[in-house]
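Thanks for asking me to look this over. Below are my notes, in numbered points, to read alongside the model.

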Amino acid sequence: MAVECKMTAYMNECFADLHIHIGRTMRDRPVKITASRSLTLTAIVEEAVKRKGMHMIGVIDCHSPEVQEEIDTHIRVGRMQELPGGGYVYRIPEGEVTLIAGVEVELKVGAGLAHFLVYLPDRAAFAAFRGWYHTKVKNIHLSTQRVYADLDELVTHVDSLGGIVIPAHAFTPHKSVYGACVDRLSSVIDVNRFAAIELGLSSDSNLADGIQELSGLTFVTNSDAHSVGKIAREYQDLRVQRPDFSELCLALRRRDGRGVRTNYGLHPQLGKYYRTRCTNCEELIAQSDALRCPHCGKEGKKVITRGVYERFLQISTQAAGTHPAHRPPYRYHIPLEFVPGLGPGRMQRLLNAFGTEMRILHHATVEQLANVVGTAVAENIDRSRRGEVMFLEGGAGIYGKIALE
């Protein structure tokens, strides 16, 4: 009976996108330079509640002093409060969402530079981290700064503050541990010191489980959003009792019955770094180590961008899809913006009818959708969410496309 009560205490759903950038502060100071100016902390939490229907979001530019000031302002006026289990809850009449505060950092690892996501439980831990971080970077106001420390020092310091570290977009050709730095992460650190590993938009569980040393880690699927509309293009459903930092850590470590129920991510072929491609003529290239494009003749590292798929062929140590027993289902999630025939007008009608994108994607029936946007678009949405589509593969910074015919 005690076990049954514990099981029923889990949330029915906890949709979490743990990698969202901030473009500007409330004072219009840049944070993530490549992100949209409209992507402020307030815009993120409002979008997460009102349109996306998320339960937990990780905002990974909270190290900025002006972002911290914005959090403090929300706490002071009562819209946000710290949770006993860590993190912050943001409440408005339309609903609420838990914010997990984090920072993305760049470190020298092996042969290159890689990005890592750091998450901390509360303001005290974040203040302590910022005191250390301030001595290791050139500009504390900007996102993804180069940290002049080694990976062991970073992980050790974050551990001491009760935080966690996750390698970001671990297989992309730019600024990632496997894409740009090492063939084996275990050659530079014990992989089990990480709470999880982020797959990135151009990979999935099938590909990543071709690397045996990752079999003990939880995989996370996040949006890496640089604009408001990209929030929740990838996410996961967590098995937790409540949405807070301590429950997130238990879920990532798969302890006490917590875990990831399902990963929702783009099909890798939609990712903009899936295949090796020439940036000059935009043709796909089968040979990942080619120095010259066989199609247009251009040569050089900046011309040919190696794809994630070809990188996996180089570094995999076992057959793709060799999943450990704990690996949850990976559901191919096609964001509504990719669905043919679903323009802004029809999208707004769906939101008016169902409230959030999560309800459209996970709860609305085909018949209910058809009553709002017509049979053809409803069937396109349903085929997309069931994965019954074909793809034109992406690469070299160009997203793939879906084909329903």
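**Notes on the model**

1. Let me start with Met347, which sits in helix 10 (residues 344-354); helices (H or I, at least four residues) and strands (E, at least two) are DSSP runs numbered from the N terminus. Met347 counts as buried because its relative accessibility is 7%, where buried means under 20% relative accessible area, exposed over 50% and partly exposed in between (1.4 Å probe, protein chains only). Leaving aside neighbours within four places in sequence, Met347 is in contact with Arg51, Leu336, Leu342, Glu357 and Ile360, contact meaning heavy atoms within 4.5 Å.

2. A word on the ground rules. This is a predicted model, in which local features need pLDDT of at least 70 and side-chain atom pairs count only at pLDDT 80 or more, while totals for chains, interfaces and linings use all residues. Residues are numbered from 1 along each chain as its sequence is written, and side-chain values use heavy atoms, with hydrogens and water left out.

3. Asp244 is worth a look on your screen. Asp244 belongs to the loop between strand 10 (235-239) and helix 8 (245-253), and it is buried, with a relative accessible area of 3%. Its side chain makes a polar contact of 3.0 Å with the side chain of Ser246; a polar contact is a pair of N or O atoms within 3.5 Å, and within protein one must be able to donate a hydrogen and the other to accept it, with residues adjacent in sequence counting only if both atoms are side-chain atoms. A polar atom of the Asp244 side chain also lies 2.9 Å from the backbone nitrogen of Glu247. Not counting residues up to four places away in sequence, Asp244 touches Met56, Leu83, Gly85, Gly86, Thr98 and Ile100.

4. Arg327 is another charged residue to check. Is Arg327 buried or exposed? With a relative accessibility of 10%, Arg327 counts as buried. Arg327 lies in the loop between helix 9 (308-315) and strand 14 (330-332), and its side chain is joined to that of Asp209 by a polar contact of 2.9 Å. Beyond residues up to four places away in sequence, Arg327 touches Ser205, Asp209, Leu214, Ser215, Leu217, Thr218 and Phe219.

5. Staying with helix 9, its buried residues are Val308, Glu310, Arg311, Phe312 and Ile315. Helix 6 (177-181) and helix 7 (205-208) are included in what covers them.

6. Leu266 lies in the loop between strand 11 (259-265) and strand 12 (277-278), and counts as buried at 0% relative accessibility. Apart from neighbours within four places in sequence, Leu266 has contacts that include Arg233, Glu234, Tyr330 and Phe338.

7. Asp28 has a positive phi of about 70°; Asp28 is placed in the loop between strand 1 (15-20) and helix 2 (41-52) and is partly exposed, with a relative accessible area of 39%. Ala396 also has a positive phi, near 55°. Ala396 is found in the loop between strand 15 (390-392) and strand 16 (401-403), and counts as buried at 15% relative accessibility.

8. How many disulfides does a search of the whole structure find? The result is zero, a disulfide being a pair of cysteine sulfur atoms within 2.5 Å. For Cys278, the closest cysteine sulfur is that of Cys296, and the 3.7 Å between them is too far for a bond. For Cys62, the closest is in Cys249, 15 Å away, again too far for a bond. Cys62 is buried, with a relative accessible area of 0%, and Cys278 is buried with a relative accessible area of 0%.

9. Finally, the largest pocket. Its lining has 26 residues, of which His169, Asp224, His226, Lys272 and Tyr273 lie nearest its centre. By class, that lining has four nonpolar, 13 polar and nine charged residues; Ala, Val, Leu, Ile, Met, Phe, Trp, Tyr, Cys and Pro count as nonpolar, Asp, Glu, Lys and Arg as charged, and the others, Gly among them, as polar. On a 1 Å grid over the protein atoms alone, a pocket is an open set of points where a 1.4 Å probe fits, with protein on both sides within 12 Å along at least five of seven lines, and lining residues have an atom within 4 Å of a point.
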